[in-house]
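User: Could you take me through the side-chain contacts in this model, starting with the rings and then moving to charges?

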Amino acid sequence: MTTHTIGIIMNGVTGRMGTNQHLIRSILAIRNQGGIQLVNGDTIMPDPILVGRQAHKLQALAQKHGIEKWSTDLEACLADSSYSIYFDAQTTNRRAESIKQAIAAGKHIYCEKPTADSLEQSLALARLAREAGVKNGVVQDKLFLPGLLKLKRLVDSGYFGQILSVRMEFGYWVFEGDWQAGQRPSWNYRKEDGGGIIVDMFAHWRYVLDNLFGEVKAISCLGATHIPQRVDEQGERYACTADDAAYATFLLENGIVVQANSSWAVRVDRDDLLTIQVDGTEGSAVAGLRDCKVQHRVNTPKPVWNPDIPNPFQFTQQWQEVPDNQVFENGFKVQWELFLKHVVDDASPFRWDLFEGAKGTQMAELGLQSWAERRWVDVPALQL
């Protein structure tokens, strides 16, 4: 039995997502469980080095979690043969250039999305990785959420009959930063820094729709900047130049109509921060991050519109919960394990690569185009 120690350059993990989901709940969790066990008895053990621009943040994060290695010198880390994987969780406008450097250094690539500022850049990264022969993957975490895994189970079983429509509601109120600190960093609201909810979320919606319901063929999108001014981390007011809400309709290849609302300026009156309702001829389902409930046609009530009497139905009580029937791990960790297996073993597939990531960048670009031109926009097939 062999232990495969895999050196990972983790760039940009001092941010919220990088620290919590990728470092603590993924890489450190894998290390704490004794690595990843392969079917042949071998073990994969990730060995991270934290990389970034601010030494004091890196040092504090490394000390807090017992990590020996950190550096502000990305070039030196890329030149070190003991690290075979480069991971990027930086802001979007910094990602592409660093990934190019890592590919040139022969590193396998795993990164957050969007993979770049533009579709042209995202496709260029995918081509470079293919030409260099390095393995590559893009985080598509929502596919591994318990609620969406249950929803996928229903789709695969044919539970819905013919799927007619999908309604997605995502968002929450992000505080403006004046009397209460915002839950998201200020760059999210500056277009010039790669911010905006369309850029941030439409990459997610692309892979969720493509993988669960069918390929997206057309989009109509209206964006908005509902909160025009916020307060940054230094207590300074700044103008918001990026969209904080988007109201979109997607048409899928099979005729399914998807309505998706995304907002950082909405207060939550639903079961979760993300809910996905699927309606079909045989039944419906509503999935959140962890839970999923269903209503079959034989259990569907027969309401009649009559505003002159009190509503006789308790609609929310007329659904059944889909059982777990399995143990669900953190979605980021699950995908990390799949990618690390893919790096070690060619027989372990990993289909969420940089080309799939480019589809997400395309979706964001087309959403912004639709908003700017106030029209439906077709989604052309991509080629490397």
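Analyst: What follows covers aromatic pairs, salt bridges and charges over rings. This is a predicted model, in which local features need pLDDT of at least 70 and side-chain atom pairs count only at pLDDT 80 or more, while totals for chains, interfaces and linings use all residues. Residues are numbered from 1 along each chain as its sequence is written, and side-chain values use heavy atoms, with hydrogens and water left out.

User: How many aromatic pairs are there by the rule you use?

Analyst: The count comes to 15 aromatic pairs, where rings of Phe, Tyr and Trp (its six-membered ring) pair if their centres lie within 6.5 Å, and planes under 30 degrees apart count as stacked, over 60 as edge-to-face and the rest as tilted. One of them joins F170 and W205, whose ring centres are 5.7 Å apart with planes at 70°, so the pair is edge-to-face.

User: Which elements do F170 and W205 lie in?

Analyst: F170 lies in strand β8 (residues 163-171) and W205 in helix α7 (residues 197-212), so the pair ties together parts that are 35 residues apart in sequence; helices (H or I, at least four residues) and strands (E, at least two) are DSSP runs, numbered from the N terminus.

User: And is W205 buried or exposed?

Analyst: W205 counts as buried at 1% relative accessibility, and F170 counts as buried at 10%, given that buried means under 20% relative accessible area, exposed over 50% and partly exposed in between (1.4 Å probe, protein chains only).

User: Okay, switching to charges: how many salt bridges does a search of the whole structure find?

Analyst: The search finds 18 salt bridges, each being a side-chain nitrogen of Lys or Arg within 4 Å of a carboxyl oxygen of Asp or Glu. Among them is the bridge between K150 and D324, with the closest N and O atoms 2.6 Å apart. This pair links distant parts of the chain, 174 residues apart, with K150 in helix α6 (residues 146-157) and D324 in the loop between β17 (320-321) and α8 (331-344). K150 counts as buried at 1% relative accessibility, whereas D324 counts as partly exposed at 40%.

User: Which charged ends sit over a ring?

Analyst: The charged end of R190 sits over the ring of Y238, 5.0 Å from its centre, and that of R230 sits over the ring of Y189, 4.0 Å from its centre; the rule asks that NZ of Lys or CZ of Arg be within 6 Å of the ring centre and within 35 degrees of the ring normal.
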